[in-house]
Amino acid sequence: MSNAPDEDLTVIRVDQYFPHPPAKVWRALTEPELLVQWQMQGAEAFRLEVGHRYTMTSVPRPNSNFSGTVDVEVLAFEPQRMLSLRWTDSDPANSADWTVTWKVEQEGRGTRLFLVHEGFDPDDPAQLMARTIMDGGWRTHVMRALGHTMERI
């Protein structure tokens, strides 16, 4: 990962094309039985409802002050177009308080999916480590798992 002077260390941006129609991508982003196939454990508790809260769990990462448990709140959505979530670490001692926003745009016969994960503190070494780990995870593991989920629909 380069740390170019103009790079915004407070945000991760991912732009991924999928050869699937927007409706299928939206389903993978919002249907609990599909979410659980590519997101953390607990994603099956998701509901497409502003204010809905649920908890997901993953592997703790002490080097980034991640407890392994994320509290999620649905902040906003536009059907078939945008979903915005707040992610906070369940451990109040950890400073993670992020917004994860998905945008879905038709591109030809497929879909361009944009992810913006923002709220990293560039002055906190643990937050920078979390950003580095999550940047790689979003781009590789998550997008690949999301693509495989859509292939099975």
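Predicted model: local features only at pLDDT ≥ 70, side-chain atom pairs only at ≥ 80, totals over all residues.

User: Which residues line the largest cavity, and what makes a residue part of the lining?

Analyst: A lining residue has an atom within 4 Å of a grid point. Among those that pass are Ser64, Phe66, Asp89, Trp98, Asp124 and Ala130. Helix α3 supplies the largest share, three residues. By class, the lining splits into five nonpolar, five polar and two charged residues.

User: Why is the other kind of space called a pocket and not a cavity?

Analyst: Because a pocket is an open set of points, with protein on both sides within 12 Å along at least five of seven lines, while a cavity's probe cannot get out. The largest pocket here has a volume of about 580 Å³. It is lined by 20 residues, and the closest to its centre are Met40, Ser58, Met134, His141 and Val142.

User: Which element gives the most to the lining of the largest pocket?

Analyst: Helix α3, residues 125–152, with seven residues.

User: How do you know how the lining of the largest pocket divides between nonpolar, polar and charged?

Analyst: Residue type decides: Met and Val count as nonpolar, for instance, and Asp, Glu, Lys and Arg as charged. On that basis the lining has 12 nonpolar, seven polar and one charged residue.

User: Now the whole chain. What does its radius of gyration say about a compact globule?

Analyst: For 153 residues, a compact globule would have a radius near 15 Å; the chain has 15 Å, so the two agree. The C-alpha atoms fill a box of roughly 40 × 35 × 25 Å along the principal axes.

User: What makes a residue buried, and how much of the chain is buried?

Analyst: Buried means under 20% relative accessible area. Of the 153 residues, 42% are buried. The chain exposes about 8000 Å², with carbon and sulfur atoms supplying 51% of it.

User: And in what order do the elements run?

Analyst: From the N terminus, β-α-α-β-β-β-β-β-α, which comes to three helices and six strands.

Note on methods: Residues numbered from 1 in each chain as written. Heavy atoms only, no water. 1 Å grid on protein atoms, 1.4 Å probe; cavity = no way out; pocket = protein on both sides within 12 Å on 5 of 7 lines; lining within 4 Å. Points joined across faces, edges and corners; volume = space filled by probe spheres on them. Helix = DSSP H or I, 4+ residues; strand = E, 2+ residues; numbered from the N terminus. Rg over C-alpha atoms; globule rule 2.2 N^0.38 Å. Buried < 20%, exposed > 50% of the residue type's maximum accessible area, 1.4 Å probe, protein only. Areas by Shrake-Rupley, 256 points an atom, 1.4 Å probe, with all protein chains shown as cover.
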